[in-house]
Amino acid sequence: MHIDPKQFEHIQKEAATELAHIVTREDLERLRLKYFGRKEGVLTGALRSLKDLSEEEKKTVGHAVHTVKLYLEEALAKKERALIEAELHDQQRKEKIDVTAPGKKIPAGHLHPLTQLIDKACDIFIAMGFAVVEGPEVETERHNFDALNVPKDHPARDMQDTFWLDPAVAGPGMLLRTQTSSVQIRYMETHEPPFRIIAPGRVFRSEATDATHEAQFYQIEGLMVGKDVSLANAKAVLEVFFQRLLANKKISIRFRPSYFPFTEPSVEMDVTCFKCFGKKCAVCKRTGWLEVAGAGMVHPKVLENVGIDAREWQGFAFGAAPDRIAMTRYGIDDIRLMYGGDMRFLKQF
Ligand SMILES: [Zn+2]
């Protein structure tokens with residue numbers, strides 16, 4: 001048997017060319033098997049056949065085979081490292097954070113329709129020189145009834161209308177306020193006239209709930225006291241308020257005689273129906289008017305109860321119902337939706 005050592009130079013050249021064209025690790029493994037495979041490997045076969053050669057040939061051929069073997073082993077290892085690195089780089093490139101990509105949107109909530117309405121109302125009154133005043137929801141009988149000239153036997157004081165608190169826990173005569181007028185008393189007790197205030201807030205009535213009644217709802221109370229403040233001022237202020245609240249639509253106010261213990265004279269206040277704007281619709285029961293507030297001149301007794309001289313000072317007070325205004329404005333037919341926390345309802349505003 002004779003082997004020409006020169007053929008290994010060709011093998012090396014051929015292997016080098018093949019190696020240069022390899023781009024995947026699978027192909028690299030195939031090439032490794034071609035030369036180093038246990039059965040079919042070109043170099044494995046050559047090494048195996050060395051034992052059949054003469055001593056002289058063993059030296060020359062053996063040297064040539066080992067040279068190619070070392071060269072190829074090193075070249076294969078080098079190529080493998082390069083391929084692994086390329087793969088890694090490719091992976092990193094795919095995972096790179098794109099800072100120009102649009103961000104994930106975090107869902108944000110918004111204010112409750114009632115809160116939106118009350119906020120807007122406050123803005124309008126502040127622009128007219130009114131201060132926004134708040135008071136406690138747990139009130140004394142004096143602030144909620146006595147000082148407001150509500151007679152001791154008035155039905156509003158009844159258990160059926162008022163949530164009285166357990167005297168053993170809260171002390172005698174404590175209740176959940178039935179009106180925000182209590183805030184007027186607190187303010188007048190501690191301030192000198194003249195003043196203009198509004199008092200928005202939650203009030204409570206011990207009532208069975210239905211589409212138009214809730215055990216809790218909101219009120220916006222207003223009070224303006226001065227030397228010569230009259231009901232004409234009330235009409236002007238409230239007209240401006242409703243016009244601004246309803247996007248500068250032409251709105252009128254009308255008074256109808258009424259009775260409240262804390263005002264004299266007292267009026268029910270109607271405003272041009274802001275569903276049909278006077279054209280008469282189902283919402284206003286074909287009258288063209290909506291009943292939205294009560295008002296009147298502050299009763300002299302109320303002023304005296306807080307130590308203000310009724311011969312020197314006079315003023316008007318009003319109480320509006322934001323729930324009713326919002327319901328008419330947005331076409332909401334059930335007041336309970338306002339407090340139900342139903343997202344399908346709230347998302348519409
Ligand atoms: Zn109408």
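In strand β4 (residues 195-204), the bridge partner of A131 is I197, and two bridges in total join β4 to strand β1 (residues 131-132), the two running parallel. The model is a predicted one, in which local features need pLDDT of at least 70 and side-chain atom pairs count only at pLDDT 80 or more, while totals for chains, interfaces and linings use all residues. Residues are numbered from 1 along each chain as its sequence is written.

**Strand β4 and its partners**

- Strands, taken as DSSP runs of E with at least two residues and numbered from the N terminus, pair if DSSP finds at least two bridges between them.
- Strand β5 (residues 216-226) runs antiparallel to β4 and is joined to it by ten bridges, with G201 standing opposite Q219 in β5.
- Seven of the ten residues of β4 are buried, so the strand is largely enclosed by the rest of the structure; buried means that 20 or more other C-beta atoms, placed from the backbone, lie within 10 Å of a residue's own.

**Helices α5 and α9**

- Helices are DSSP runs of H or I with at least four residues, and the axes of α5 (residues 113-127) and α9 (residues 231-245) come within 10 Å and cross at roughly 130°.
- That angle makes α5 oblique to α9, the class left over when angles under 35 degrees count as roughly parallel, over 145 as roughly antiparallel and 65 to 115 as roughly perpendicular.
- K120, A121, I124 and F125 in α5 meet F241, R244 and L245 in α9, contact requiring C-beta atoms, placed from the backbone, within 7 Å.

Terms used:
Axes are lines fitted to C-alpha atoms, for helices over the stretch in contact, and angles run from 0 to 180 degrees between N-to-C directions. Two residues are in contact if their C-beta atoms, placed from the backbone, lie within 7 Å. A residue is buried if 20 or more other C-beta atoms lie within 10 Å of its own, exposed if 12 or fewer, and partly exposed in between; C-beta atoms are placed from the backbone.
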